[in-house]
Amino acid sequence: MGTTLERISQLSRENPDMVFTSIGHLINRELLKECHEKMDGKKAVGIDGVTKEDYGTDLDGNLERLVERLKKKSYRPQPARKVEIPKDNGKTRPLSIYCYEDKLVQEALRRVLEAVFEPMFYDEMMGFRPDRGCHGALRKLNNMIEKHKTSYILDADIKGFFDHIDHEWAVRFIESRIKDPNIIRLVRKMLKAGIMEESGYEETTEGSGQGSVCSPVIANIYMHYVLLWWYREKICPCLRGYSGIVVYADDFVVCFQYKEDAEQFYERLKHRMEHFGLNLEEEKSRLIQFGRFAEENSRRKGKKPETFDFLGFTHYCSKSRKGKFRVKRKTSKKKFSKKCRELHQLIKNTRTWKLADIMKKLNEILVGYYHYYGITDNSRSLSDFKLAVTKSLFYWLNRRSQKKSYDWERFSEMLKAYPLARPKIYVSIYE
């Protein structure tokens, strides 16, 4: 099946205007079985309570019945179970948990959509794509600021992007490359499957549930047409000077050489978003002066250059050891504080464990943290984070009983026997 999808991808790449009219048959027993084998069996279950293990006890029979329903067009996805996940600002975001069989169909649909649309996505789109990710987006942004004539930055955030994707526009965008009614029917069913809450069933009239396997690729298709295609084909040819963009899911940064270009784009962007059912988060969207000239102008006025956050890092103007302009990054205060609180709570909850188990768990988290935030210029933030974890550990180990377990000398000796993982820079911004 992989070979067939690769052929579809090749055709899409070689023929940008090609419309696929008969690819629904690719979602067959072979593809669904392959999806089942690669599906994570540890994920939360949907409203039917069926796990991967449960479904696999009669895999052949279940897949045969599923394929038959798909052929007869009688397949109906079940409503997703809705849970609320805490956000950094104290609010929550909804997460949709789908039934296992629906996840299989979503994964198969994702692969078909990705085969057709992946070749047409621009390089500036970095989220939810093969061989791309946050660090790649940061490298691209770093290059745009340091190697080009960037003087202004538009740091934009879309308000509730996944919750407000317009279903009809999403379908129209997909139909621009796929005219197979079987695929379009599946997309509509997935988008309108509904949500099951404590209060009962709720229809989904807009949005693509975060938690859906195919939601990321649908979101990328939406952003491609709403933002990136429009920016590249309609905006850039009309600009006076340099401009560059990097997009990760619904978070994006646009660089400009001239303020007039930036202001005009910002105003047009607001109208563009509204036309497609979206709105910018005004409190999080800012146009600031940033870059080598911004730093010089700010210094002359006795001010510090402004900073902006992107993908968990605060970007700020600085200099290299040779005195040349550099943009550097450090862990954003919001992300730093949130992770410190999480680790403080985790140590509290696990303080009665065996010491070896506590330290093993902490080190797993620390190493994962270092792998993401261990990026060029961020050494100090990593060290500060390790220090915060150390203080939390000292605090909670001394509250395992009424008697104080450690003073700092004994605690230091314990850390020699069970050391915390040391901070390390894993990612170079200049690769």
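Hi everyone, let me start at helix α15: the face turned away from its buried side carries the exposed residues E409, K416 and A417. Exposed here means over 50% relative accessible area, buried means under 20%, and partly exposed lies in between, with a 1.4 Å probe and protein chains only. Helices are DSSP runs of H or I with at least four residues, strands are runs of E with at least two, and both are numbered from the N terminus.

A quick word on the source. This is a predicted model, where local features need pLDDT of at least 70 and side-chain atom pairs count only at pLDDT 80 or more, while totals for chains, interfaces and linings use all residues. Residues are numbered from 1 along each chain as its sequence is written, and side-chain values use heavy atoms, with hydrogens and water left out.

Back to α15, which spans residues 408–417 and has F411, M414 and L415 as its buried residues. Seen down the helix axis, these buried residues fall within an arc of 100 degrees, so they line one face of α15; the arc is taken over the directions from the helix axis to the C-beta atoms. As a reminder, an α-helix has 3.6 residues a turn, so residues three or four places apart point the same way.

What do the buried residues of α15 pack against? They pack against α13 (355–373) and α14 (379–397), where contact means heavy atoms within 4.5 Å. On the α14 side, T390, L393, F394 and L397 meet W408, F411, M414 and L415 of α15.

Now the geometry of that pair. The axes of α14 and α15 come within 12 Å and cross at roughly 115 degrees. That makes α14 roughly perpendicular to α15. Axes are lines fitted to C-alpha atoms, for helices over the stretch in contact, and angles run from 0 to 180 degrees between N-to-C directions. Under 35 degrees counts as roughly parallel, over 145 as roughly antiparallel, 65 to 115 as roughly perpendicular, and the rest as oblique.

Helix α14 has another partner, α12 (residues 333–350): their axes come within 9 Å and cross at roughly 25 degrees. The two helices are therefore roughly parallel to each other. Contacting residues include F336, L343 and I347 in α12, and F385, L393 and W396 in α14.

Let's zoom out. The protein has 15 helices and 11 strands, and 50% of its 431 residues are buried. Its C-alpha atoms fill a box of roughly 70 × 65 × 45 Å along the principal axes. Of the contacts between residues at least 6 apart in sequence, 70% join residues at least 24 apart.

Which residues touch the most other members of the largest nonpolar core? Among its 79 residues, those are I27, F117, Y222, L227, F252 and F265. The largest share, 13 residues, comes from helix α9 (residues 215–235). A second, separate core of 52 residues includes V246, L355, Y370 and M414. By nonpolar core I mean a set of buried Ala, Val, Leu, Ile, Met, Phe, Trp, Tyr and Cys residues joined through side-chain atoms within 4.5 Å.

Beyond four places in sequence, N220 touches F121, M125, G127, F128 and R129. R232 is also found in α9, but is partly exposed at 32%. Setting aside neighbours within four places in sequence, R232 contacts Y122, E124 and P237. Thanks, everyone!
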